[in-house]
Amino acid sequence: MRILLVASEAFPIVKTGGLADVVGALPRGLAAHGVTARLLLPAYRGTAERVAVDRTGSIALGDLLGVGHASLLPFEHADAGLRGWLLECPALFDRPGGPYLDERGHDHHDNHLRFGLLSRTAALLATMEGLTGFAVDVVHSHDWQAGLVSAYFEAFGGRRPSTVFTAHNLHFAGRFDASVLPEVGLPASMQRVVGVELWGSMSFLKAGLFFADRITTVSPTYAREIQTEAGGEGLHGLLHTRREALSGILNGIDDQAWNPARDAALAQTYDAGDSLLAGKAACKADLQRQLGLDLTPAAPMVGMVGRLTGQKGVDLLLSALPQLLSTGGQLAVLGSGEPALQLALHSAAAHHPGRVAFVQGYDEALSHRLIAGVDLLAVPSRFEPCGLTQMYAQRYGTPPIVRRTGGLADTVLDADAHPDAGTGFSFEAPSTDSLLDALMRAVSCYRDRPRLQAVQRRAMSLTRGWTKAAKPYAELYRDLLGVGSRTV
Ligand code: ADP
């Protein structure tokens, strides 16, 4: 079975968040189930230099959207087990900035064209077996950037593969004025409720959710939450109507990249056995030193890694800070995002030197050292489709403190509520009090060494690799082929 994965990022080639981790690890997981996956990724500035490319195999696509010539460049990243095509279109992708934002942090002005072309190309690639030698059975699109694929199939008709659309975060809807439809080569008639319309705009995400044969999201709880008004970002009606086509498949983690026994970023590697205590202690001391925190081995050290947005609840953590500090604790945060939250974290660090550290930016190696070095990892998200850092923390023997929402609810069992099975701490309400309750319970567990180690060892023994996590995707693809939806 041959799958074309379409996405705007894939680790280790280009990453801004969890989407890249999933797309970059899924192909290896699928291979274990007899599924061959190829990737279609935009060639942003510098992307082609991070993979092995075959320029002689380049396929010219012409000027599909009237914005500049595009071509498909076959690539391979052998270490990560990734193969596929880079979509080259210098007019759209060869520029400074990141995948979505320009150098000043604003959306690229032509994101509808950039990601419209990604989807348009995927729809074309899926039917050009003669040129690529890869007959696509299922096109699997990820997030709004790849949301238009099945809209193009719908618009053009003819033979097509089956389609799956995965929503990694419904909050990002890829909304644009309806006038962009002709610019991306879709009929204006698609701008209706039974089409791509969302609250008067057109939405790439809505297109994916509406037209794909199957929809998945990244945890069973989030799949239920998005069918409610509170969690559906305005799409709950559609998602409820399509519930037979919708499933929640829990993300896995890359257990090679995230393995405390072999992690080259750590001061000292360790596993769940005898090396646990000494390994964690060495990583904590190293982190304290690197971040300029007091070298107090017994201070309960709480960490957080992630995008600094309202979603992630960093404001809740900041309001809980005085009480954490009153227990003798420390806080270490790595992330970037909303200026007001960055400012608040810088100010907390300035007010509590030696006790609070904030590293603004994106640093893959430091994220490993932080998750290994802290005693507890906070993930107080207001909503969380799946969340990955809590699973990394569990694998590194760092009990996570999470709000019981989305994938956090599916991956963390509270150690007080489940004394023999707990793998972290969780709280229900998105409030400081509720977070504080879980935080204080976690700190008292941290001070009870035998109990802490039982929680750590249970968390570290969870099997979360993609070999297991990819199985439901392989089954979904097989199921789709079984129903034979190869033509419109
Ligand atoms: P989201 O996709 O909503 O940002 P996830 O928890 O699903 O959240 O995934 C975030 C991924 O990005 C994780 O791999 C996390 O370690 C990584 N990450 C987020 N912020 C940073 C940062 N500042 N430095 C390094 N890695 C980061």
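## Where the ligand sits

Domain bounds here come from an automatic or database domain assignment. With those bounds, domain 1 (2-252 + 468-487) and domain 2 (276-463) both give residues to the shell around the ligand, so the ligand lies between them. A quick word on the model: it is predicted, so local features need pLDDT of at least 70 and side-chain atom pairs count only at pLDDT 80 or more, while totals for chains, interfaces and linings use all residues. Residues are numbered from 1 along each chain as its sequence is written, and side-chain values use heavy atoms, with hydrogens and water left out.

The shell has 18 residues, and G18, D21, R307, K312 and G361 come nearest to the ligand (a residue is near if one of its heavy atoms lies within 4 Å of the molecule). Sorted by class, the shell has five nonpolar, eight polar and five charged residues. For that sorting, Ala, Val, Leu, Ile, Met, Phe, Trp, Tyr, Cys and Pro are nonpolar, Asp, Glu, Lys and Arg are charged, and the others, Gly among them, are polar.

## Ligand contacts and cover

From the side chain of K15, an N or O atom is 2.9 Å from an oxygen atom of the ligand. The backbone handles the nitrogen side: an N or O atom of G361 lies 2.7 Å from a ligand nitrogen, and one from D363 lies 3.0 Å from a ligand nitrogen.

On its own, the ligand has 560 Å² of accessible area, and the protein covers 92% of that (Shrake-Rupley method, 1.4 Å probe; for residues, only the protein chains shown count as cover). The elements giving two or more residues to the shell are α1 (18-31), β14 (301-308), β15 (330-337) and α14. Of these, β14 has the largest share, with three residues. Helices (H or I, at least four residues) and strands (E, at least two) are DSSP runs, numbered from the N terminus.

## The second largest pocket

Next up is the second largest pocket, with about 370 Å³ of space. It has 20 lining residues, and the closest to its centre are F11, Q256, A257, W258 and H368. On a 1 Å grid over the protein atoms alone, a pocket is an open set of points with protein on both sides within 12 Å along at least five of seven lines, a cavity is a set where a 1.4 Å probe fits but cannot get out, and lining residues have an atom within 4 Å of a point. Points are joined across faces, edges and corners, and a volume is the space filled by probe spheres set on them.

Both α1 and α13 (364-373) supply at least two residues of this pocket's lining, with α1 giving the most, four residues.

## Two cavities

The structure has two cavities of 30 Å³ or more. The largest has a volume of about 40 Å³, and its lining is made of I253, M391, Q394, R395, A459, M460, L462 and R464. Here α14 (389-395) and α17 (449-460) each supply at least two residues, and α14 gives the most, with three. Five of the lining residues are nonpolar, one is polar and two are charged.

For the second largest cavity, the volume is also about 40 Å³. Its lining includes S141, G147, T163, F165 and A212. From β8 (162-167) and α5 (149-156) come at least two residues each, and β8 has the largest share, three. There are five nonpolar and five polar residues in this lining, and no charged ones.

Most residues other than glycine have a negative phi, and most peptide bonds are trans. Against that background, F11 and P12 are joined by a cis peptide bond, with omega about 5 degrees. P12 is in the loop between β1 (2-6) and α1. Then there's W199, with a positive phi near 50 degrees, in the loop between β10 (197-198) and β11 (201-203).

Methods. Polar contact = N/O pair within 3.5 Å; in protein donor to acceptor, adjacent residues only side chain to side chain.
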